[in-house]
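Hello,

Here is the structure I promised to pass on to you.

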Amino acid sequence: MRFGDEARTWAYARLVLKGFGPSLNFRQTRHPALDGARGLAVLAMVMGHTLDALLAPAFRDHPWIQEYWKIRGITAPLFLLVSGWAVVMALGTKPGAAKDSFRRRFRRALLLLFLGYLLHWPGWGAVRELGFSEAMLRKVFQFDALQCIGAALLLGAMALVVTPHRGARALLLGGLAVGIPLASAGMWDAGAHLPVPLQQFIGNGEGSRFPFFPWAGFFFAGAFAAHALHLLKPGLPQGFSLLALGGALLALTRWVPVEWTPTSPTMVLYRVAQGLLVLGVVNLLPQRVSGLLAPLGRLSLWIYVLHLPVVYGWADIAGLAQRIGPRLGIAAALGTSVALLVGCYLIARVGRWVREQASPWRAGSTTLNASVSTARLGQ
């Protein structure tokens with residue numbers, strides 16, 4: 001084939017592809033800060049769980065460790081905040097995006113609920129030993145972070161479908177962000193005589209770690225912030241806006257004393273402010289810096305699922321906490337946490353690669369696939 005013929009062939013091919021419009025636009029449109037923020041939370045989470053399980057009591061009073069325990073408190077709120085942000089951001093500009101993506105979000109929510117309860121499965125031996133008792137139900141239906149995100153995602157997906165108008169959506173998301181924490185104390189009192197699974201969900205049940213009330217408030221705070229700042233580009237515009245919003249909320253906590261009780265709305269306010277500040281800082285970082293954490297953020301779910309059984313055990317299989325116990329020094333515990341993080345990341349990466357090879361044309365299921373190009377892809 002002559003050069004001129006080849007050039008005409010490629011020109012014709014480009015015209016044909018252009019005729020398909022944006023539906024063949026497969027560019028990565030992930031929000032540059034979300035993966036970085038989630039990666040930072042994953043790093044803190046794995047290190048925190050490992051240190052908590054393995055660090056000897058003599059080292060827990062070290063000043064650095066004490067400072068780390070304070071910082072670690074932002075990990076779970078940041079996860080929930082970013083999850084809510086990502087759900088709204090992924091809708092893009094397509095008017096019917098919430099309705100079109102509801103089935104996928106519904107499946108995602110069920111997956112999170114399933115994985116959350118699976119991680120807390122006590123084993124058949126414990127179930128038979130406890131019998132059909134409240135103690136058995138508390139173990140089987142223990143409500144944790146994944147269940148909270150799954151339940152919030154399910155409610156959030158329905159809220160987005162029923163509010164196609166942007167003003168109504170802002171009111172509903174803002175109402176949920178404020179109303180869930182404010183209603184927490186009343187819901188805990190009202191649920192005193194409900195069945196154990198519902199008590200675990202609400203939070204007044206013994207052992208409920210991240211109950212819907214008030215922890216879902218973080219999810220909807222992130223969703224509301226994403227809705228309010230949707231016109232701003234990621235990077236400097238969103239970064240400075242998030243810093244301003246987070247700083248304003250943090251200043252508000254100086255006028256409203258923070259109560260560190262399980263149902264405290266001021267605790268949620270304080271942690272939301274911190275989370276927005278972290279998101280703002282990550283937005284302002286150069287992408288080559290936040291890009292170092294982004295791979296962890298993209299695989300955060302599976303790193304979470306993989307590392308928990310290793311640290312705390314699963315069913316009747318002992319984990320590091322039972323096999324080694326809290327008797328390591330700082331260096332050894334940190335080394336173990338780094339090795340665990342790297343190992344879980346590599347396993348999750350291989351698992352994703354295998355899945356991609358099995359279904360190479362499958363659209364990504366992550367809620368972090370974002371913005372206008374993704375909305376166009378749905379058309």
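Predicted model: local features only at pLDDT ≥ 70, side-chain atom pairs only at ≥ 80, totals over all residues.

Let me start with helix H12 (residues 212–228) and its neighbour helix H9 (residues 145–162). Their axes come within 9 Å and cross at roughly 60 degrees, which makes H9 oblique to H12. On the H9 side, the contact is made by Cys148, Ala151, Ala152, Leu153, Leu155 and Gly156; H12 contributes Phe212, Trp215, Ala216, Phe219 and Phe220. Sorted by class, the residues of this contact are ten nonpolar, one polar and no charged. The crossing of H9 past H12 is right-handed.

H12 also packs against helix H14 (residues 265–284), at an angle of about 40 degrees and with the axes 10 Å apart. These two helices are therefore oblique to each other, and H12 passes H14 in a right-handed crossing. Here H12 uses Pro214, Phe218, Ala221 and Ala225, while H14 brings Met267, Val268, Arg271, Val272 and Leu276. That contact has eight nonpolar residues, no polar ones and one charged.

Finally, a look at helix H16 (residues 300–312). After H16 comes Gly313, which has a positive phi near 90 degrees.

Enjoy exploring it!

Best wishes

Notes. Residues numbered from 1 in each chain as written. Heavy atoms only, no water. Axes fitted to C-alpha atoms, helices over the stretch in contact; angles between N-to-C directions. Helix = DSSP H or I, 4+ residues; strand = E, 2+ residues; numbered from the N terminus. Parallel < 35°, antiparallel > 145°, perpendicular 65-115°, else oblique. Left-handed = near helix turned anticlockwise from the far one by under 90°. Contact = heavy atoms within 4.5 Å. Nonpolar A, V, L, I, M, F, W, Y, C, P; charged D, E, K, R; others polar. Expected span 1.5 Å × (residues − 1).
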